[in-house]
Amino acid sequence: MKDMIRKATRHVNQNEGLIFEKSSTGKAAWKLPPLDVPEIDASKLLGSTERKDLGNMPEVSEIEIIRHFTRLSTWNYAIDLGMYPLGSCTMKYNPRVNEAVARVEGIANGHPYQPEKISQGALQILKTLSDCLIEITGMDAITLQPAAGAHGELTGLLLVRAYHHSKGKPRKKVLIPDSAHGTNPATAAMVGYAVENLKSDARGMVDISALAAQMNEEVAALMLTNPNTLGIFEQDIYKIADILHARGGLLYMDGANMNALVGKVRPGDFGVDLMHLNLHKTFSTPHGGGGPGSGPVAVKKFLEAFLPKPVVVTKPDGTLGFDYNRPQSVGRVRAFYGNFGMFVRALAYIQANGPEGLRQTTEDAVLNANYIRKGLEGAYDLPYSTPNMHEVVFSDKLQAKKGVRTMDIAKRLIDYGFHPYTTAFPLIVPGAMMIEPTESESIEEMDLFIDAMKSIAEEVEQDPQTVLDAPHSTRVSRLDETAAARKPVLRWKPTA
Amino acid sequence: MRYLPKSPADREAMLKALGLRSVDDLFAPVPAEYRLNRDLKIPRQMAESEIMDYFRQRSRENGEGYMSFLGAGAYLHYRPVIIDSLISRGEFLTAYTPYQAEISQGTLQSIFEFQTMICELTGMEVANASMYDGSTAAAEAVMMAVRLTGRRSVVVARSLHPEYREVLATYATHQDMPLSVANFGGDGRLNLHELENSVSSETAAVLIQSPNFFGTIEDAAAVADIAHKNGALLVVSIAEAVSLGIVEPPRDAAIIAMEAQSFGVPLGFGGPYCGVIATREKFVRQMPGRLVGQTVDKQGRRGFVLTLATREQHIRREKATSNICTNQALVALMVNIFMTVYGKVGLKELAKQNLAKTAYAAGQFARHGKVLFSDAPRFNEFVVETSEDPAAINSRLLGHKIVGGLPLKKFYPELGNAALWCCTEMTTRSAIDTAVGLVAESERSVKSAKEEAEEVAR
């Protein structure tokens with residue numbers, strides 16, 4: 001089948017060692033200006049705290065650094081190269097104007113402690129983005145401080161805890177569906193809550209009767225991803241909210257999949273009390289190989305007093321400022337005000353879209369996921385027939401009969417010129433293949449993907465070994481992860 | 001919408017292929033009463049040129065063109081232009097977390113180099129791939145020490161960045177981690193006598209910052225002695241990474257929690273920055289965050305993978321070492337490139353320039369005002385006490401397009417009219433002289449006003 005691959009062609013890429021292997025004494029990529037103050041004697045100023053030696057730090061020239069990192073970059077797959085269908089990760093186009101505006105002088109170089117009088121530009125950005133996100137989510141107030149989605153979850157559960165504390169009823173546990181991201185239970189543990197698993201029903205949704213049975217005055221909140229990690233909208237959301245609220249619990253929404261809802265439906269309108277957003281998913285800020293993210297938390301009015309401090313306020317003279325006097329606040333979750341550079345990018349994205357662009361984006365994301373689903377039905381097992389929104393989860397059930405698992409198919413996709421889908425998640429689907437095309441894919445790109453997946457399914461029937469040994473076209477073949485964990489080598493060391 | 005690769009005809013064709021009449025059919029799972037049947041009330045769609053104009057305007061309202069003496073956990077250093085050239089490559093910018101190692105070797109190898117250089121600079125044996133920032137890294141480092149020792153209480157130096165202390169307090173609230181604070185002495189460093197009294201057999205960790213919030217270099221070895229005598233671990237926060245070019249790292253620490261913003265990361269009004277945790281090999285399994293390790297492929301070629309994932313939330317869920325998932329990878333790449341550019345010799349020379357500017361400035365200020373904590377070595381920050389409220393002096397300095405030092409009253413009421421000043425290689429002598437001139441003027445006028453009042457009284 002390899003001769004049928006239409007999306008990619010192999011080409012030479014450069015070898016490159018570690019930067020330390022290029023280092024030699026006397027090479028330099030830096031030049032400092034002459035000092036305009038008197039020279040100093042460091043040993044006199046620092047005494048015994050003076051450092052004499054910087055060990056094995058490299059000494060290389062600028063052209064070597066450019067080539068080094070450029071070569072490394074060519075070993076990566078990226079959205080800019082093609083479809084990146086990682087389910088739940090929302091690998092959408094990262095607009096370049098976002099990068100341009102984040103680098104404008106006063107925005108890139110503003111100091112977090114510069115006087116408010118000369119910070120009105122940054123404050124205006126914080127305020128405008130906050131207003132937009134509040135409108136998009138249908139909530140009443142927001143904090144932009146959390147640095148990523150998991151950090152937003154932490155903030156959210158701190159708010160939940162503070163709220164229950166203020167009611168004088170400390171509660172003990174948080175309900176989390178079995179389809180949830182691992183960050184949900186890990187977060188609950190950090191806030192001192194016990195985690196209680198909530199099972200899904202045959203439709204892939206929260207089991208309402210199980211929820212009703214498990215809900216009691218010990219439950220602080222339910223952490224619910226909606227649409228959930230199967231890409232399914234929780235149709236009984238109002239019942240879920242009612243069951244929680246009737247016993248004083250709160251509904252926390254993990255907003256990882258908010259890109260399925262923007263402009264079409266607002267969590268604040270369907271009973272959510274608080275939620276986080278991932279600006280690096282829904283609002284197009286780049287993933288950058290694993291961050292930075294940004295995880296604002298939007299809340300209903302009754303939780304506003306507990307938000308992390310400071311909050312942005314409009315002062316009597318009409319200018320903006322920070323309010324630190326928040327006696328009920330959960331405190332700070334991060335120094336300064338959050339990942340400001342990501343706020344700039346997210347706001348630029350919202351401006352480039354406007355109301356109709358955001359709505360069209362959501363519609364296209366859902367349309368694309370359904371197009372993929374239709375294209376692959378039959379070739380792969382679809383464990384839940386419930387309609388899906390922005391992503392679709394297949395399983396390797398058919399291929400497993402030939403000994404080929406989701407990870408093998410994923411690795412084979414690499415040979416076809418695609419990044420794999422998300423493997424083995426959510427946990428409720430054995431051998432899960434979680435596919436999220438996002439709105440950024442054209443019909444042509446998706447047709448190539450569907451062809452590739454179907455071709456792999458055929459290979460599994462005819463020549464499973466080719467799939468089991470994949471990838472065949474990469475710089476390195478499958479890497480020995482067991483050895484890496486058993487005897488960890490976590491840094492370079494000079495050979496003696 | 002210019003980001004969407006579809007024509008109206010494409011959409012029609014796709015709907016037809018799905019057997020749907022309209023896009024609304026796709027949203028049928030959403031109960032009708034919750035659907036939004038109006039436009040969102042957000043700004044209208046804007047052209048790229050309008051977006052650029054909007055942010056240029058905000059930039060003009062945001063301290064553009066001011067010379068600043070602010071540090072306090074966020075430092076202005078020169079950023080070599082190749083940092084942005086390289087991180088702007090789409091293969092770095094628009095890649096996900098490198099879970100699929102075969103097509104992520106670029107990101108993985110660069111993180112491996114990052115981990116190595118952080119180890120070299122901190123004197124530690126292992127470093128992770130990054131944390132959100134210095135404040136959360138410090139909090140997570142302390143939680144790690146709690147797990148390592150099986151003890152719960154923590155002693156925190158009051159000379160640790162006040163906002164880092166606030167973050168730690170937030171994290172500790174629901175973890176049964178009692179915090180106590182040890183004050184600083186007359187030299188601005190942690191009062192060792194007070195520390196001795198605070199540390200006990202219950203103490204998991206002593207957390208200090210060095211150079212500390214006042215720019216003063218702590219006696220980490222002496223702090224470590226006291227901690228170790230009681231079986232506690234020393235955790236050191238380093239907020240000014242450039243100091244590592246000329247200041248000995250705290251080699252007695254069990255864990256170092258860094259903010260690496262100084263290494264090529266724009267000030268950006270407070271973020272994104274780059275936290276990182278470094279520690280000893282024997283502690284690695286309690287370390288939070290991602291780690292890259294070296295291994296081989298089937299043909300025996302060197303390659304890199306994310307490793308020791310059983311510490312992490314996606315495997316261990318509620319038993320994970322932390323809930324951290326997304327970290328600061330692209331910012332860590334900036335840091336990595338910066339460290340590579342300056343390297344073994346450049347980092348030292350850069351640190352030396354910081355030291356020289358600061359020594360000059362502190363000397364000049366001392367001629368007219370009072371420079372506190374001068375009995376201990378400092379790196380690139382110092383505290384100036386004035387007779388007048390520093391906020392008043394600062395507002396006059398703003399007229400010269402200079403942002404003065406950070407008034408400390410908000411964080412340390414007992415320091416009264418003190419302010420924290422920072423000089424880096426970017427600070428010009430003329431800005432220093434202007435600032436010193438205004439402080440001198442202020443001192444003179446306070447003095448003459450006082451003399452006048454005394455005259456009248458007489």
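Visitor: Predicted or experimental?
Guide: This is a predicted model.

Visitor: OK, the sheet in chain A. What's the strand order?
Guide: The order is S1-S7-S6-S5-S4-S2-S3 in chain A. That makes 7 strands in an open sheet, with mixed pairing.

Visitor: Which strands stand at the edges, and why does one side of each lack a neighbour?
Guide: S1 (141–143) and S3 (194–198) of chain A. Each has a single partner strand, so one side of each is left without a neighbour in the sheet.

Visitor: How many degrees of twist from one strand to the next?
Guide: It averages 25°.

Visitor: Zoom in on S2 and S4 of chain A. Parallel or antiparallel?
Guide: Parallel. S2 (residues 173–177) and S4 (residues 219–225) of chain A are joined by 3 bridges.

Visitor: What stands opposite Lys173(A)?
Guide: Val219(A), in S4(A).

Visitor: Which helices pack on that sheet?
Guide: H6 of chain A, residues 149–166, is one of them. H6 touches S1, S2, S4, S5 (250–255), S6 (274–277) and S7 (297–299) of chain A. The direction of H6 makes about 165° with that of S6(A).
Guide: H7 of chain A, residues 183–190, packs there too. H7 touches S2, S3, S4 and S5 of chain A. Its direction is at about 175° to that of S2(A).

Visitor: Switching topic. Where are the domain bounds in chain A?
Guide: Domain 1 covers 98–350 and domain 2 covers 362–482. Their centres, over C-alpha atoms, are 31 Å apart.

Visitor: How many residues are in contact there?
Guide: 18 from domain 1 of chain A and 16 from domain 2 of chain A. The domain 1 side divides into 7 nonpolar, 8 polar and 3 charged residues.

Visitor: And what are the domains of chain B?
Guide: Domain 1 is 82–339 and domain 2 is 344–450. In chain B the centres are separated by 29 Å, again over C-alpha atoms. The contact takes 15 residues from domain 1 of chain B and 20 from domain 2 of chain B. On the domain 1 side, 7 are nonpolar, 5 polar and 3 charged.

Visitor: Stay with chain B. How many helices and strands?
Guide: 13 helices and 15 strands. The C-alpha trace of chain B spans about 100 × 55 × 50 Å along its principal axes.

Visitor: What share of chain B is buried?
Guide: 60% of its 458 residues count as buried.

Visitor: What about sequence separation in the contacts?
Guide: Take contacts in chain B between residues at least 6 apart in sequence. Of those, 72% join residues at least 24 apart.

Definitions and conventions: Residues numbered from 1 in each chain as written. Chains lettered and ligands numbered in written order. Predicted model: local features only at pLDDT ≥ 70, side-chain atom pairs only at ≥ 80, totals over all residues. Helix = DSSP H or I, 4+ residues; strand = E, 2+ residues; numbered from the N terminus. Buried ≥ 20, exposed ≤ 12 C-beta atoms within 10 Å, placed from the backbone. Contact = placed C-beta atoms within 7 Å. Pairing = 2+ DSSP bridges. Axes fitted to C-alpha atoms, helices over the stretch in contact; angles between N-to-C directions. Domains from an automatic or database assignment. Nonpolar A, V, L, I, M, F, W, Y, C, P; charged D, E, K, R; others polar.
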